[in-house]
Structures are given as C-alpha cells and as structure tokens.
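Please view the structure first.

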Amino acid sequence: MRCFIAALIALTLSGAYVRSQWGPRGCPPQGAVAPVLHYQPVQYVQQSSRQTFTGWSPHPDKAGQYAYYEADRLIGLYCTERETFWRWDSRSQTWSEPCNPPASPPCPHRPIESFTAQVPPDKDFGMGWRAGGEECYYVNGRKVSRRQAIEAIEAESLTDDSNLRRVTVIGPDADRKQVIDALNTAPELQPFKGQLVVQSYAPDHWAIVDSNFKRDGKPTVYIQSRTGKVLHRQDEWRGAAKFAEALKRSDESVNAVRKADPTYDSSKDPDLNKQVIPPIVPKPDGGGFDWSKIPGGTWVMLGLAVALVFVLLQKGGPVHAAR
Amino acid sequence: MRYYAALLLFFLTVPLDYSQTPSGAKVGGNVAPDGTEIHCDLPGSQHLQNKGGSDGAGLCVFTSVDHAARWQNVPALIGFRDYMTRYPGGGWPEKLAKYITKICKERGVPEPRYVQIENSRDLDILRLATKTGRFVSITYERSPTGRYNGQRIAHMVSVPHVDDKWVAVLDNNYPGPDRYEWMTPDEFLRVCNPKGFWAVVLLDNPPPPPPRN
C-alpha cells in the first residue's frame, strides 16, 4: 500500500500526464528574457544570447505607444491614440509617412502579453493573428459598430422576407458586359436599382452547369424570384427598354402572390376544431333504393333530358296545328 | 498487492488531460448528421488545398477567402491563394486588407465589400452570414474530430453552415466534399478560439438557386 501511494505521488509530480493550461508543451521555458526597449535606433543593442523577438513591445515611458520588432530589428512605431503606424528607416534614420503596420496593432484596451507569455501553437498553417482585446468590427478596413456590421451583411441579402429578384446573365464576356453596363447606366433600368441581385457567369461556370441553367444564349438572361422560380428568360439582349418591361411585369407577377383577394370572406373560413361531423348511422337492411347515392351530375343530366323531351313535344304540337 | 498493482496500471494508462472534452463531432458530406442540408454547398471541384508562401509559411487565410470568393463569384479574389504564393505567408487582418487592395489594383477591378470581426464569440452574426449564403472564413485552434492528433493549431478555415444545431467546417488542409467537420455550436466555440475568433465575410451574394417553373 505504501509503495502504491509513493508511486502515485511520483507520477503526479513528474507531470507526464498532466497538461498545463498553456498547451501540450507545458509552461513557457525558464530564462526567457523580455526584449530590450529602445526607441532610438542608434542605441539599439541586439542581444544575441537569447531567442530573437518578433512582435509588439510597449514603450516603457510613453503610454499608448508600441514598437514593432522583427527578429530584434526595429520596424516601426504605433500610436494607439492616433491609430497610426510609422516605419523606421535605419539607413536614413528617419520615420516614414503613416502607413499600414506589419501586424495586427494593439487596441487601446487590448492587453499586450509579454513575450514570455506568448506560447506558440504546435502547428501554424499561416495564422499571424492572436486573440486578445476588445471586440472589433470593420467594413473594408473602416471600423464600425456591431450593428453596422450586421446591417452591411443584411443589405442586399436575400433574406426570407425580402422581395428582391435575381437577374442572372450567362454568356461570353462581351455579351454579358452589354447587359451589365445597361443595368448600371441605362435610364430605363435605374428605377429597378435596389430591387435586383445581379450576377454574371461564363457558360461553363460550375454554378450554371451544375444547376441546368440554359447557357447557349447571347447572352441568356434570367429573372428569378428568391426561391428560384423563373419569372422571365430571354436568350439575346433586346435592349434596356424591353428588359425594363420584363422587369415590371415580373414584379407584378411576384407581387401578385401577395396581393389581397378582394372576394375573400373570413366568415367562410373553416374551423376544423368546431365543425361537428354527424356520426354515420348505418341504414337498416332490407330498405329501398338509396337515392342519395346518385351523383349530382346524374341528376343534372336527367333534368336536361326531361327538358329536351319537353321541348321536342312542344315542337311537335304546333306542326300538327299547322296541318 | 496484485490489486494495488492493477490499480497503478490503471492510472498509468488513463491520461489525466481534461483540456479536451469528449467530442460528438463527425466528418461527413454536405448534409449534417440529422439530415440538415448545408447552407453553402461549394462543390468539390472548387475546394482548395492550403499552400505555402515564398517563405514557406502557410496561406490558410488566403485559401479560406479564396473559397468564399469562388462560392460568391468574386472574380477579384478567385485565385487569391495562388497569387499569395509569391509573397511571404502568414495572415492577419491588416495584411489581408492590404493584399485585397493590391490584388484588386493589379487586376483593375474594384475592391469587393467585406466585413472583418475580431475577438468575438458572437455566433449570431455568423448564423446571419451563412443563412444569407455567405461563406465565412474563421480562425481555428483545434479539430474536434481528432485531426492534427488533438494538437493546438494556428489556422483559418471556412465555415459554410451555422445554425442553432450545427456548424460545418471546411478545413483547407483536408479539402473534399465528404470531409466537412460537423459539430455543435458550443463545440465550435471551444475550438475556433476560446478567447474570441477573427472572421472574414465577403458581402457578395451567393449563386442563384437552380431554375424552376
């Protein structure tokens, strides 16, 4: 029993099976030295006795300023307040005009981990970004709010309740270009801007081939509803005016689905929970003929036959009188 | 004594590693384990394998964005992965923005509109993106299906589907129409980046639905 407990303690202390929160490699190596902070390059001293440093390093005296090093070489300086980066030119000993930083710069509220805390992953497939700091949203490089980012995704999206129609142009480049140019500039088609999602494909594009679109037109132009129903197709370009006419009529066709029916009467709606279905009472055996089994159409025909006989008899009457 | 030896042997074989929870994630095709169809069904012919830049560092960021460009028909960025092989690898938000500007300028086309999100754990915005047919490119720290031997990785992958029950991952180190990783949203948040992800969403619309009468 004592041997067992001793073995268990030895196993735990060895750490062979316990993974630290830093990942499979365990805690950072001992002896890692923080980078030397120098912002006057002439005074920069490279410490070759340690692993080289690449990354952001905060200025020891000036809050909000960070230097970027690559393999211990000063690359530039970033100011969080002005959100600006300047490159350092070691040859001319000058700073550049504001430019893009070489790596994701620190946010004002993003904590900068010291080099000793940056434990690299086991494998890197090209990811130079590390998590940390506040949530940020950008549209084409411009910082926006979360709401604005959502609006950017929702805009021109084919959501469930959107009424946008799809215009798909398929054909050789030159044939497609005339259609796209017309959609962008023709006065007859300007009223439809914002109502259409336009895309243009070569005839051999996978999205066209895989979906059995007709693709031998010059060009083929489809107008589809959001669900894919074809509202209009033409296999040559007939000009902006004709296409505007097709768009107008396809709009009526789409909107017809949602037009109110003026003859609708809500009092005639069935309520299947309230309807009382009379029980089926079997008729006693030996009863006479069941007239209710005769279809309604048969009664109509019978009625017409009686009427015809009556008319024929009437015609026969006057002839006898004339004679 | 034999009993204690057996007990010791038991402790030797059971790893005391609780950094990974049991995973229900599965590898499969364009349909979730419960039959839900994937939101963005990029055909296998358009799947790409990650490559290295001029310095050998990976181009997972640009490969993921290339996937999105192929799905959403953004000619400016189709071929982004191959374009970046002539430059050093590695990607981060500013570098991505810089090279989007560069490639569009060289190709003489306007820049596409795109959203970047950093340090977020907000799945709602990803649900909106894939529901409206956008392919999301997102950071990835661990595979829940056992790829990479459970190691921690620095990677960016594509996410063609996010809803209340499922998230699908297309890993550009494991491309193929039958190699999606399907997992629950909670599991996805654990593996994309526990501290918050970086995601990129191109805003161009998805391909048209198949025509019907």
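Over the face of which residue does Arg147(B) lie? Arg147(B) sits over the face of Tyr174(B), 4.3 Å from the ring centre. The model is predicted.

**Charges over rings**

**Aromatic pairs**
- Over all chains, a search of the whole structure finds 15 aromatic pairs.
- In one pair, the ring centres of Trp129(A) and Trp198(B) are 6.2 Å apart and the planes are at 45 degrees, so the pair is tilted.
- This pair crosses between chains: Trp129(A) is in the loop between strand 6 (123-124) and strand 7 (136-139) of chain A, and Trp198(B) is in strand 7 (residues 197-202) of chain B.
- Trp129(A) counts as buried because its relative accessibility is 3%, with the cut-off for buried being under 20%.
- Trp198(B) is buried, its relative accessible area being 0%.
- One aromatic cluster is formed by Trp56(A), Tyr68(A), Tyr78(A) and Phe85(A).

**Helix 2 of chain B**
- Helix 2 of chain B (residues 60-71) has 12 residues and, at 1.5 Å a residue, should span 16 Å; the end C-alpha atoms are 17 Å apart, which agrees.
- Of the 12 residues of this helix, 12 are buried, so helix 2 of chain B is largely enclosed by the rest of the structure.
- The buried residues include Cys60(B), Phe62(B), Asp66(B), His67(B), Arg70(B) and Trp71(B).
- Asn73(B) follows helix 2 of chain B and has a positive phi, near 55 degrees.

Note on methods
Residues numbered from 1 in each chain as written. Chains lettered and ligands numbered in written order. Predicted model: local features only at pLDDT ≥ 70, side-chain atom pairs only at ≥ 80, totals over all residues. Heavy atoms only, no water. Helix = DSSP H or I, 4+ residues; strand = E, 2+ residues; numbered from the N terminus. Expected span 1.5 Å × (residues − 1). Buried < 20%, exposed > 50% of the residue type's maximum accessible area, 1.4 Å probe, protein only. Phe/Tyr/Trp six-rings, centres within 6.5 Å; stacked < 30°, edge-to-face > 60°. Lys NZ or Arg CZ within 6 Å of the ring centre and 35° of its normal.
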